[in-house]
Amino acid sequence: MSPLLVLILLPVLGALFCFFAPKSARHTALWAATLNTILSVSLLLFFKPAEESGYGYLFFLPVLEKYGINFFLGADGFSLVMLLLSAVVTLAAVWSSKAPDKMPGLYYGGVLLISAGVLGAFASVDIFFFYLFHELALIPTFLLIGIWGTGDRQRIAWKITIYLAFGSFLLLLGLIGLYLAMPAEVRTFDMRVVRLLAEQGMLQPHLAVYFLLLLGFGILVSLFPFHTWAPAAYASAPAPVAMLHAGVLKKFGLYGLFRLVLPVFPAEVQAYAPLLLALIVGNILYIGYVTMAQKRLDLMAGYSSVMHMGYIFLGFAAGVLSQMGSSGAVLLMLGHGLSVAALFALIGQLRERTGTMEFSELGGLGRVLPKAGLLFGLATMASLGLPGFANFAGEVMVFFGAVAAGGHILGNPFQLTTLAAVWGVVISAVYGLRAYRAVFFGEMPDRWKSLEELPLGTRLSVLLLLLCSLAAGFYPQMIIQLITPAVLVP
Amino acid sequence: MNPILLETIIVCAGFVLLLAEALLPKIPKQVFGYLALAVVLAVFLLCFGADASKMNPDAPYAQYYIADTVALFFKKFLLLATACVLIFSLEFAPTLQRFLPSERPGGGIGEMYSLILFACAGMMWMVSANNFMMIFVSVELVTISFYIMVAYMRRSRASLEAGIKLLILGGISTGMNVFGIAWMLGALGTTNLSQIAALTPTLDPKLYPAILFSLCFILMAIGFKISAFPFQFWVPDVYQGAPTPITAFLAVASKASAFIVLMRILEPFLRSPALAERLIPAIAVIAALTLLMGNLAAIPQTNFKRLLAYSGISHAGYLLMGIASIASGNAGNAIAYYLVAYLIMTMLAFGVLVVVSNTVGSENLSDFNGLASRSPFLAAALTIGCLSLAGIPFTAGFIGKFFIFQSAVAAGQIPLVIVGVLAVACGYYYYLKVVRAMYWLPVPQTSEGAALPAISVSRPLAALLAVLVVMTLIFGVYPAPIFALLP
């Protein structure tokens, strides 16, 4: 039995167990998530590539060999980092949340299914199952937001579900196009073969395939202007869903871009870089200013998570020319996943206590919730890229990489975008610190006097996320050497 | 064994049940249902032993009847569909009884099971038909059985209305079919499809107008059966009025066998490039319009049966998309797989509908509100069914759509693919509406303000639904067993 299969089956079985034994759902989920975290850490520690492609832990089950579709699991350094991120965020999501009154089995079962989906996607070598696993999150998200969300939850659940399902279908068409572009006798969904064929110049898909993939993955990552589903959904979703969605699920699209689009379409990425850069500026500056204008904490966090995708996209756009940019982007994926999950865990707890997210009604909470205040401060700092956290290391690498990709011509698009991105850091500092001040400092309305401090589980899980980010931030080389072979462009 | 025995057994069993029902009034009617079910399942097993080489190639029937891999595959398919319908009918008997004028309990129900068997035999002949004569006769056997079954609930005005609608439009379609076949005979001098296939490569181009004219009428006739645009108008009303098990039968078995007939008819003509380049665009246009019509009209539906009717039209659109992409080589298998997925998921939806409408007495979407707390099992089963109908991954429906779209892209039917994508997006909306009703919305209250009680499912139907759920999920990740049965 392959360890990766165990990693996927644990949450699936946990979810089934939750459905049939709803009373102990939280315990089941906690057990499954803890075991998965231990497993994914040990997979990373004992990783040794089994073959030249850099993959290890291979596991193969034929499904339709005639069509090149197989259940094929495997992991290299890049996937292992993403698997670790998924496992840790799942653990934090389950640990930090409180069981709801109605249908707790569906609640935790859904969370575990989302987790199983992302784990499966990151552990797949076969593109078909990579896609399939990602979609596992669709319906649990629909149900969880629709039943336990806040605000205008039903409209928001519709929007995210239809938007993402539509985006995924475009992605599927792109993947079919990629598949059909291969020479008929070697057609396969094996990622390693796709990369190999691309390196040998035997895979030259139509330009439309590039745009379909960019659009499909872009919608899933909330690339400007296809971001409108994201902020409201994160704001409305119950905390574990927001944590998993913003922290991990969104990284699926980026993972796909680095894994499939960069090796197959290096020339197209370069040729159409100005278009992509324009969208990135939209992501960073436009969404940045929109974030600044938010009057609610949850919406602000949602928008800021959309904004930070711009940096990762910048690393992607520069990835063909600068390996530093793509490695930095992957590091930033990790850092962003950890910090945004920590933020949403705390926001969920605050919302549960105060029942409001308006900055104007909050204030001075640091006096009654000092521990929450400390953790929230750290999480905000992490997300706006304070040196020491993984986000900083990633952002700096992306900036250096992007400037290097522009070459020596003054005022080239890469340089200008990098300037905008650096200004974006200032913007995030403004809205991040403003939010921190508005919620935890200043005058405290009397009605918040008797708020309860965070439970131990939430504090520890947020701490775990922040510690992971600090470890990667202080010693980024550890992550970089794992991911670099995977994101090298042939 | 000789494959022609399969249909013979079914027809004989139908006659025996009919006579027994009339002559032995004391036997409870459900016994006949179980007997019919046993016969169908026994013939299903016999299908695996059927051997086409046992057929005498010089016998007269060899002109009309073939038993190739596709035919045998779809005979199994139709028998399973019939078995599902029989189980639904047994469950549906109390509702049926309410709408039947009868002096003694159970009166008038027994004939239903024989009619289902006759229709089943007709459809099994349809998938084996190799001659326009045979196609006509078997289609008529099926259609006439359906006239009776659709209008079976004599005290329900909706059922009678549905029967009349089906009768009139079915009559028109029959007329078109005969007219088209007559032209075909006049143009080619034969009605045998194998002989036509031998003729088409060296066809005189002067004959093209006559052949296309004839095909036009035959396609219209088949269009009624598969509910392709613009011949889909009868579908929602008939589906809504007919007894629910018969609706399921009509939606799955009748449509699938008509698709096989369509593919058999088109196959020889598509071999001629000159004819193919005229026929394929026409089919592509019909496919696109069917997709748009079915999906857009499904969005505002509030009656679950009508929703399923429009959803059936939209699935016909996807299947036609497969036929329009037949040039890509594996489209035939893609269509067959899609039909299997369609069988499983549609039966799942109708099975849940039978239980809910038996309990509630109506078929509105609002009757499904809060089903998750009234019966978690039914809600989960219908959720899986709807997700599969919508084409969400990890269900059989997704794999079906995947192969259809793959063939369409490979065949270069790009405009059709774009329409298909829009159709899929609409589908997400209206299928998830059902899921929303079951999980998001509260249980409706009785007039006293109490929540409605839990819904219980009978053992056989629960077992059937569980099997269908498991099949949906298994074929959603492991389609190989189906492909192994196909050429």
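Student: In this predicted model, which residue of β2(A) does A:G56 stand opposite?

Tutor: In a regular strand, side chains alternate between the two faces of the sheet. Here A:G56 stands opposite A:A75, which belongs to β2(A), and the two strands concerned, β1(A) and β2 (residues 69–75) of chain A, pair in the antiparallel sense over 6 bridges.

Student: How many residues lie between β1(A) and β2(A) in their hairpin?

Tutor: The hairpin has 4 residues between β1(A) and β2(A), and in its turn A:G68 has a positive phi of about 75°.

Student: How should I read the packing of α17(A) and α20(A): are they roughly parallel or roughly antiparallel to each other?

Tutor: Helix α17 (residues 370–383) and helix α20 (residues 456–474), both of chain A, pack at an angle of about 25°, and their axes are 11 Å apart. Angles under 35 degrees count as roughly parallel, and α17(A) and α20(A) are therefore roughly parallel to each other. As for the sense in which they pass, α17(A) makes a left-handed crossing with α20(A).

Student: Which elements give two or more residues to the lining of the largest pocket?

Tutor: From chain A they are α1 (3–20), β1 (56–64), α4 (104–122), α5 (127–135) and α6 (138–148), and from chain B they are α15 (376–390) and α18 (459–477). By class, the lining of the largest pocket divides into 43 nonpolar, 4 polar and 1 charged.

Student: And what lines the second largest pocket?

Tutor: That pocket, with about 530 Å³ of space, is lined by 24 residues, and B:V70, B:M263, B:R264, B:E267 and B:I326 lie nearest its centre. The elements that give two or more residues to its lining are α3 (69–98), α7 (193–199), α10 (244–270) and α13 (331–360) of chain B, and α10(B) gives the most, with 7 residues. The lining of the second largest pocket has 15 nonpolar, 5 polar and 4 charged residues.

Conventions
Residues numbered from 1 in each chain as written. Chains lettered and ligands numbered in written order. Predicted model: local features only at pLDDT ≥ 70, side-chain atom pairs only at ≥ 80, totals over all residues. Heavy atoms only, no water. Nonpolar A, V, L, I, M, F, W, Y, C, P; charged D, E, K, R; others polar. 1 Å grid on protein atoms, 1.4 Å probe; cavity = no way out; pocket = protein on both sides within 12 Å on 5 of 7 lines; lining within 4 Å. Points joined across faces, edges and corners; volume = space filled by probe spheres on them. Pairing = 2+ DSSP bridges. Axes fitted to C-alpha atoms, helices over the stretch in contact; angles between N-to-C directions. Parallel < 35°, antiparallel > 145°, perpendicular 65-115°, else oblique. Left-handed = near helix turned anticlockwise from the far one by under 90°.
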